[in-house]
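Keep the model open beside you and look up each residue as you read.

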Amino acid sequence: MAERIEVLETIVKALDSKRAEDIQVIKVGELTILGDYFVIANGTSTTHTKTLADEVEYKLSEIGEEPIHREGRGNGSSWIVLDYGDIIVHVFYKEARDFYQLERMWADGEHVDISGWLKKE
């Protein structure tokens, strides 16, 4: 199993490579038993959202990481959740992200600096 920071970096780079918007990593392990990290990003359409989630799954499978559970994979899904145990990936369609505002709900979590993992425009 890969180091958790390596897994987070792989997730962020996978999302960034497919042009995900507003990628954020929040350390929530001190706040919940759900996981240690939430990765939150959004796509510009439901097709883009599915593409983002598919890319995360593909890149993580290359390093031996498989999701424990997936939610929201149906056609037109506006929120896809990939559960890797201690890392939960939330990929939203923009309007759904604006509606649910997970970042606000987990505002007490520690935001992880991912700037070094993102491609420069």
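1. Let's begin with a word you will need: a residue is buried when its relative accessible area is under 20%, exposed when it is over 50%, and partly exposed in between, using a 1.4 Å probe and protein chains only. Helices (H or I, at least four residues) and strands (E, at least two) are DSSP runs numbered from the N terminus.

2. Please remember that this is a predicted model, in which local features need pLDDT of at least 70 and side-chain atom pairs count only at pLDDT 80 or more, while totals for chains, interfaces and linings use all residues. Residues are numbered from 1 along each chain as its sequence is written, and side-chain values use heavy atoms, leaving out hydrogens and water.

3. Now find strand 2. Tyr 37, Val 39, Ala 41 and Gly 43 point one way, Phe 38, Ile 40 and Asn 42 point the other way, and all of them are buried. In a regular strand, side chains alternate between the two faces of the sheet. Since seven of the seven residues of strand 2 are buried, the strand is largely enclosed by the rest of the structure.

4. Which strands pair with strand 2? Pairing requires that DSSP finds at least two bridges between two strands. Strand 1 runs antiparallel to strand 2 and is joined to it by five bridges; Gln 24, for instance, has Ile 40 as its bridge partner in strand 2. Strand 5 runs parallel to strand 2, with seven bridges between them, and its Tyr 93 stands opposite Gly 43.

5. Next, the inside. A nonpolar core is a set of buried Ala, Val, Leu, Ile, Met, Phe, Trp, Tyr and Cys residues joined through side-chain atoms within 4.5 Å. The largest one has 24 residues, and Ile 11, Leu 15, Val 39, Val 56, Ile 87 and Val 89 have the most contacts inside it. Elements giving two or more residues to this core include helix 1 (4-17), strand 2 (37-43) and strand 5 (87-93). Helix 1 supplies the largest share, six residues. Apart from this core lies another, of 10 residues, among them Phe 38, Ile 88, Ala 96 and Trp 106.

6. Val 89 is worth a click. Counting contacts as heavy atoms within 4.5 Å and ignoring residues up to four places away in sequence, Val 89 touches Ile 11, Val 39, Val 56, Ile 80, Val 81, Leu 82 and Tyr 84.

7. Finally, zoom out. The chain has four helices and six strands, in the order α-β-β-α-β-β-β-α-α-β from the N terminus. Of its 121 residues, 45% count as buried.
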